[in-house]
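Please look over the sequence and the model below before reading on. The text then goes through it part by part.

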Number of protein chains: 2
Amino acid sequence: MTQQRGSGATPTISQVAAAAGVSKSTVSRAFSRPEMITAETVAHVMDVATRLGYVPNHTARALSTGRAGTVAIVVPDIANPFFPPLIRGAQAAADQAGFSLLLGDSDEDPTREDVLVGKFGPQTDGIVLASSRMTEEQIRAHAERRPLVLINRDVPGLPRVLIDTATGIAAAVEHLAGLGHRHLVYVSGPTSSWSNAERRRAVRAAGRRLGLKVSAVAARRSTYDAGVQRVDDILGSGASAVIAFDDLLAQGILAGLAARGVGVPDQFSVIGCDDVLAATMSPPLTTVSAHGGHAGRKAVDLLVSFLDGNEGDERRVLDTSLVLRSTTAPPAVRRN
Amino acid sequence: MTQQRGSGATPTISQVAAAAGVSKSTVSRAFSRPEMITAETVAHVMDVATRLGYVPNHTARALSTGRAGTVAIVVPDIANPFFPPLIRGAQAAADQAGFSLLLGDSDEDPTREDVLVGKFGPQTDGIVLASSRMTEEQIRAHAERRPLVLINRDVPGLPRVLIDTATGIAAAVEHLAGLGHRHLVYVSGPTSSWSNAERRRAVRAAGRRLGLKVSAVAARRSTYDAGVQRVDDILGSGASAVIAFDDLLAQGILAGLAARGVGVPDQFSVIGCDDVLAATMSPPLTTVSAHGGHAGRKAVDLLVSFLDGNEGDERRVLDTSLVLRSTTAPPAVRRN
DNA sequence: CCATGCCGTGCAACCGGTTGCACGTCAAGC
DNA sequence: GCTTGACGTGCAACCGGTTGCACGGCATGG
């Protein structure tokens with residue numbers, strides 16, 4: 001500990017004890033188990049403690065109790081707008097439960113994610129893995145060593161919170177079918193993303209059920225640029241509507257379409273997913289709400305309850321819904 | 001520590017020592033100061049350690065060395081797109097220096113920020129305060145207790161990295177003047193934001209220097225909605241161009257303008273700041289680049305170098321520049 | 001009035017590492 | 001051949017809290 005000021009470092013429990021004329025234990029208990037000792041003793045100790053500027057040393061406490069008082073969350077990419085709200089929810093829940101939040105960014109790289117989680121391991125009480133890109137084996141291996149909660153990754157036996165975008169996506173397909181579209185494209189996201197697999201499957205299933213033709217275009221990463229770059233493929237597919245893996249991709253697609261003079265929604269319909277950014281686009285994007293914030297919050301709640309000894313293979317599914325805005329309309333009359 | 005698996009908890013240094021037939025000290029040194037002991041001893045210890053699955057206990061190490069191995073960053077609002085890249089930079093730098101990153105979100109509330117920093121204090125080696133909303137006194141008080149680095153907050157005597165958006169903003173005003181604008185509005189952001197004060201000042205100064213009229217409109221918070229809500233005031237000011245505190249506000253303004261049928265840039269020019277989102281708007285927003293990622297990285301570099309004993313009142317200023325895109329043009333001909 | 005028991009507090013061990021110092025060994029120097 | 005010193009390792013104290021157990025005082029019950 002650096003000795004920042006002349007007055008010396010923060011006092012220890014022993015110094016407070018000496019100043020208050022009691023023992024270390026009493027000071028300790030005044031802070032962690034006040035009900036065990038007389039109210040006036042507590043008051044006196046607290047008084048002396050605040051006068052001295054005493055703050056309990058988190059690390060020392062962690063060592064003797066075996067609880068670090070932190071939970072970690074690792075995400076593939078903080079800069080992706082889906083994650084900030086999720087992190088925010090996690091941080092709020094952690095804070096409320098008295099934990100601090102460690103943050104890791106794996107940069108979409110499974111290997112980096114693996115070492116990151118390993119590094120966090122010894123210094124946290126538990127880890128939340130959001131949209132993990134690791135293999136199921138890697139995840140299970142980590143889960144064996146310490147409490148783990150997954151977000152948007154469905155590994156049986158592990159606690160996880162899943163955002164059921166599949167249902168919302170199915171509703172999106174129905175919406176499109178109802179408008180008269182007969183052929184649509186799904187623009188897929190990261191290959192190792194569970195959500196992507198779910199959404200792709202949902203589009204295909206709903207399409208089959210409703211008798212629509214479904215094409216696919218692959219955008220490897222979820223970025224604005226990837227979206228604009230896929231526009232030629234999308235247009236080339238012959239479809240009249242597109243469902244993008246997420247809003248970011250949809251935003252790029254919107255821009256690419258505009259650049260080619262294709263009007264949305266008159267000439268082409270587009271639907272995103274997650275409902276981040278969507279309201280701020282022009283035209284405002286029809287999308288599937290995901291409530292990432294809820295997921296973040298729920299995940300650390302699950303983690304904390306698990307740390308408190310409750311059972312741990314809960315599978316929490318969060319609902320989604322289609323939110324209609326201004327990027328869908330009946331298909332344009334075919335030009336041929 | 002929960003005993004996740006039947007095989008039992010991770011072994012301690014003593015168990016490794018016993019198994020290897022050496023003392024605790026030797027095992028400890030094999031890990032932290034291998035050059036102090038014979039290469040073959042190190043090899044032997046390492047061998048036994050890996051066989052037993054030993055991992056040094058971070059908390060215990062932190063307690064005896066007095067270094068937590070973590071740095072914290074607190075931001076006013078993770079969901080504001082300016083911060084994710086900054087956090088990303090900070091996380092990368094921390095990771096590289098062998099530190100983990102604790103994250104705090106103050107929700108733009110100085111009081112929350114104050115307690116958050118206080119809570120972090122004892123369990124981190126240092127703190128990065130990004131765009132702090134606290135008073136200078138509060139900041140100094142925390143800085144007295146532990147290493148602190150500021151981002152976008154200019155408190156003399158404390159290490160800080162400042163993004164010099166004022167220069168970029170001045171260039172923006174010149175650009176507008178060059179296009180023929182004679183009257184512009186500045187839409188201000190959070191009251192207690194240093195950046196906001198800097199930018200406001202820069203607009204005023206440049207306006208005065210170039211003989212432009214400068215009006216002001218206050219948006220209390222930096223959000224999309226606040227931007228659209230200010231459009232009436234902006235239009236009512238009689239100006240022909242607007243410079244917004246940041247891109248988020250500018251995005252809202254763009255939308256509000258569009259909703260009222262005001263064409264950008266033909267009838268009105270708009271400039272943002274930070275260069276987040278800007279490239280993805282339509283039309284693409286002319287803005288001032290800020291490179292938040294650099295700032296985040298630089299801040300933890302500064303912090304780490306300070307922890308290594310180097311001097312600590314460095315004031316690092318990061319350059320910015322105006323990036324021209326498609327939201328500025330000569331003013332429309334006056335209708336009166 | 002003494003035995004019983006509860007309750008508030010203190011003692012000391014412990015959490016799992018790190019580190020100053022002492023000790024023993026062995027090679028080099030005189 | 002003995003001293004000197006360097007070097008590798010071990011001992012034990014320490015980091016700053018927590019906690020099981022013991023102790024002493026007081027109130028209650030018989």
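Predicted model: local features only at pLDDT ≥ 70, side-chain atom pairs only at ≥ 80, totals over all residues.

Residues are numbered from 1 along each chain as its sequence is written, and chains are lettered from A and ligands numbered from 1 in the order in which they are written.

Begin with the sheet. Helices (H or I, at least four residues) and strands (E, at least two) are DSSP runs, numbered from the N terminus. Two strands pair if DSSP finds at least two bridges between them. Twelve strands form an open sheet with mixed pairing, in the order β11(A)-β5(A)-β4(A)-β3(A)-β1(A)-β2(A)-β2(B)-β1(B)-β3(B)-β4(B)-β5(B)-β11(B). The edges are β11 (315-318) of chain A and β11 (315-318) of chain B; each has a single partner strand, so one side of each is left without a neighbour in the sheet. Strands of a sheet pair through backbone hydrogen bonds, either parallel or antiparallel. Within chain A, β3 (residues 126-130) and β4 (residues 148-151) pair in the parallel sense over four bridges, and A:V128 stands opposite A:V149 in β4(A). Between the chains, β2(A) and β2(B) run antiparallel and are joined by three bridges; there A:L102 has B:L102 as its bridge partner.

The contact between the chains involves 38 residues of chain A and 39 residues of chain B, where contact means C-beta atoms, placed from the backbone, within 7 Å. On the side of chain A that touches chain B, α4, α5 (83-96), β2, α7 (136-145) and α12 (247-259) each supply at least two residues.

Helix α6 (residues 110-120) of chain B has the buried residues B:E113, B:L116, B:V117 and B:F120; buried means that 20 or more other C-beta atoms, placed from the backbone, lie within 10 Å of a residue's own. These residues cover an arc of only 95° around the axis, which puts them on the same side of α6(B), the arc being that of the directions from the helix axis to the C-beta atoms. They pack against β2 (100-105) of chain A and, in chain B, against β1 (70-75), β2 (100-105), β3 (126-130) and α7 (136-145).

Methods
Buried ≥ 20, exposed ≤ 12 C-beta atoms within 10 Å, placed from the backbone. Contact = placed C-beta atoms within 7 Å.
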